[in-house]
Amino acid sequence: MPESRGIEPIQSFLYHEINDAGCSKYEFSVISGDQIITGLDARRNGSVAWDIVGKYSTEVWGQEAVRVVKNHPADEPLFLYFAHNAAHASNRGRLLEAPQGRVNAFKYIVDPNRRTFAAMVSKMDDTVGELVEALKEKDMLDNTIILFFSDNGAPTFNADFPNWGSNWPFRGAKETLWEGGVRSPSFIWSAALQENPRVSNSFIHITDWLPTLYSAAGGDRLFLPKDLDGVDQWRTIFWDLASPRDQALLNINERERSAGIISRHWEDQLGASI
């Protein structure tokens, strides 16, 4: 658990198959033989958070993030890891969930699943705006770096837990090594970047964010371990320079005999389906 690694306070869930898309209740399902176990899966600092039963999870996480900012001394450093579970699919039987009023706002979207997905993303967007406003009210925004990114591509519709997202124009989806599964759009905001806002196509791997944010916060890169997988990309972002990275290992699965690596402008795969 994160609290065992120095992160506090924390509000979280343990199991990934909870009604995490934003739901009327929090539960998870575990199949052990013929037995299905269900129960509440929402915790605050290690204790069961009974008070949030029946609330929409996306709103709960957003309110907690705002609370952390409001209670934090403005003159002290803050690292806030805000890991939304929206727009992840939920439990089987009702994969996508959002408040009906927000779903109704997207009536122009014909497909009902895409309509609900849009509502889920919209609710997540609300929480980002509320967090930015809280930082502004606390007079912390001008000294804050905001990084928004995803850990994988969408499990479009042909998956165990589809969310009807889109990875276009890339091939593949979550749990594949194609770019649709491993490449995701991100954005980084800082007052220091506003003089030259732009779209960057620099090659950045998720492991690069640790040394990049450390450097951006004024840390000395010489104090970082020499064997880090990530590389410092802050100069690349700030000065719009070429990325120092030219390759990234995507995965090696010895059991399934599959692997993938990106090297310069090429992606090489072993055992990939056509």
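This is a predicted model: local features need pLDDT of at least 70, side-chain atom pairs count only at pLDDT 80 or more; totals for chains, interfaces and linings use all residues.
Trainee: What makes R44 and D51 a salt bridge?

Mentor: The closest N and O atoms of R44 and D51 are 3.0 Å apart, and a salt bridge requires a side-chain nitrogen of Lys or Arg within 4 Å of a carboxyl oxygen of Asp or Glu, so the pair qualifies. The structure holds 9 salt bridges.

Trainee: Why is R44 called partly exposed, and why does D51 count as partly exposed?

Mentor: Buried means under 20% relative accessible area and exposed means over 50%. R44 has a relative accessible area of 27%, and D51 stands at 45%, so each value falls in between and each residue is partly exposed.

Trainee: How do you know that D126 and R102 meet in a salt bridge?

Mentor: Their side chains come to 2.8 Å, N to O, which is within the 4 Å that the term requires, and therefore the pair is counted as a salt bridge. D126 lies in helix α3 (residues 112-137) and R102 in helix α2 (residues 100-104), so the contact ties together parts that are 24 residues apart in sequence.

Trainee: Where do D126 and R102 fall on the scale from buried to exposed?

Mentor: D126 has a relative accessible area of 27% and R102 has 22%; since buried would need a value under 20% and exposed a value over 50%, both residues are partly exposed.

Trainee: What makes R183 and E179 a salt bridge, and how accessible are R183 and E179?

Mentor: The side chains of R183 and E179 meet at 2.9 Å, N to O, and the cut-off is 4 Å, so this contact too is a salt bridge. R183, with a relative accessible area of 41%, and E179, with 29%, are both partly exposed.

Trainee: Turning to the sheet, how do you know that β9 pairs with β10?

Mentor: Pairing needs at least two bridges, and 5 bridges join β9 (residues 258-263) to β10, so the two strands pair, and they run antiparallel. In one of these contacts, G260 has Q269 in β10 as its bridge partner. The two strands form a hairpin with 2 residues between them, and R264 in the turn has a positive phi of about 55°.

Trainee: Why are β8 and β10 said to stand at the edges?

Mentor: The 3 strands form an open sheet in the order β8-β9-β10, with antiparallel pairing. β8 (247-253) and β10 (266-270) each have a single partner strand, so one side of each is left without a neighbour in the sheet. The twist averages 5° from one strand to the next.

Definitions and conventions:
Residues are numbered from 1 along each chain as its sequence is written. Side-chain values use heavy atoms; hydrogens and water are left out. Helices (H or I, at least four residues) and strands (E, at least two) are DSSP runs, numbered from the N terminus. Axes are lines fitted to C-alpha atoms, for helices over the stretch in contact, and angles run from 0 to 180 degrees between N-to-C directions. Buried means under 20% relative accessible area, exposed over 50%, partly exposed in between (1.4 Å probe, protein chains only).
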